[in-house]
Amino acid sequence: MRICDRSLARSPEPRHHGGVDLDPSHLRSFLAIVRFGGYHRAAEALHLTQPAVSRHMRRLEAQLGAPLFARRGRGVELTPYGERAAVELSALLAAHDRALGRLRRDGAGAAPFVLGVIENLVDPVLPDLLAAVRAEIGERPLQLRVDRSFQLVERVARGEADATIVVDPADAPGALDLGPMTLRWWASPARAATVPLPEPLPLVAYDPPCGLRDRALRRLDELGLAHVITAESPHLTGVHAAVRNGLGYALLAAGGDGLRAVGHGPLATTIDARLWLLLATGQQALAAPLRAALRREMATDGVRQAAA
């Protein structure tokens, strides 16, 4: 089998014959490659350069004494040893992050309760979510973190967030289904009125990795619509700006100034995406009030009206 990286072209001898101290940043790089399927996407997700991720892998393989990945086409796949390592090191890193999170909280006195939400929920339901959390935490300070799903999942795993609401929980343990969020196709007023749809369809999307981006691409494939990505952004404001200026169509939970929902043709059909709640250890009491807050909004068309 051909090897994809120089560091994998040999089976290095472990440098330590006694205790081995593994760097958590190296473990994060390894597990990100496993999760996202390659060095490039792992580097993007971790906000590192690809050479930095490669260096982490060379060091980790040297310490463990065996290659973790082998080449598969243009990508990589886990070796049998790598598969075992992924299970063991995932549990190790999770335990490390949970312990660190607890110690930080214990040493900080009244440390803030950190609530993470995806950007698409900020306008439709954030007031109810904040009220539900404040009712549970009393006088403890509340801190809001608005981010993308994969970042919020990692924050809970590292003990940096107490509760997060995401679209894509990946393989996070204990994820609770909160119900559906309605997605619609949005465009500038001129594009929203265009009949027929342009070919190929210009698509505005979040940077990968992104669950909404994946849903948009999958839906266009299901509809048989040829498409081309004309604009990308890591944040909702960038997606809105590109759509507002006529660069293409975007699949979102809610629009904004200068955006119109597409009301005709194959893009007029809405799509439901599941929302998931991730809770840190000891925060299970929040499951019921947060679920109730979201359901109240849905019952009164809070999310749906925000997208209409």
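Which helix gives the most to the lining of the second largest pocket? H8 does, with three residues.

The model is predicted, so local features need pLDDT of at least 70 and side-chain atom pairs count only at pLDDT 80 or more, while totals for chains, interfaces and linings use all residues. Residues are numbered from 1 along each chain as its sequence is written, and side-chain values use heavy atoms, without hydrogens and water.

A pocket here is an open set of points on a 1 Å grid over the protein atoms alone, where a 1.4 Å probe fits, with protein on both sides within 12 Å along at least five of seven lines; lining residues have an atom within 4 Å of a point. Volume is the space filled by probe spheres set on the points, which are joined across faces, edges and corners. Helices (H or I, at least four residues) and strands (E, at least two) are DSSP runs, numbered from the N terminus.

The second largest pocket holds about 280 Å³ of space. Its lining has 18 residues, and Ser149, Phe150, Pro209, Cys210 and Gly211 lie nearest its centre. H1, H6 and helix H8 (211-223) each give two or more residues to this lining.

The largest pocket has a volume of about 1200 Å³. Of its 42 lining residues, Ala94, Val153, Glu154, Ala157 and Arg158 lie nearest the centre. Helices H1 (24-36), H2 (39-46), H4 (80-107) and H6 (149-157) and strand E11 (271-279) each supply at least two lining residues. H4 provides the largest share, nine residues.
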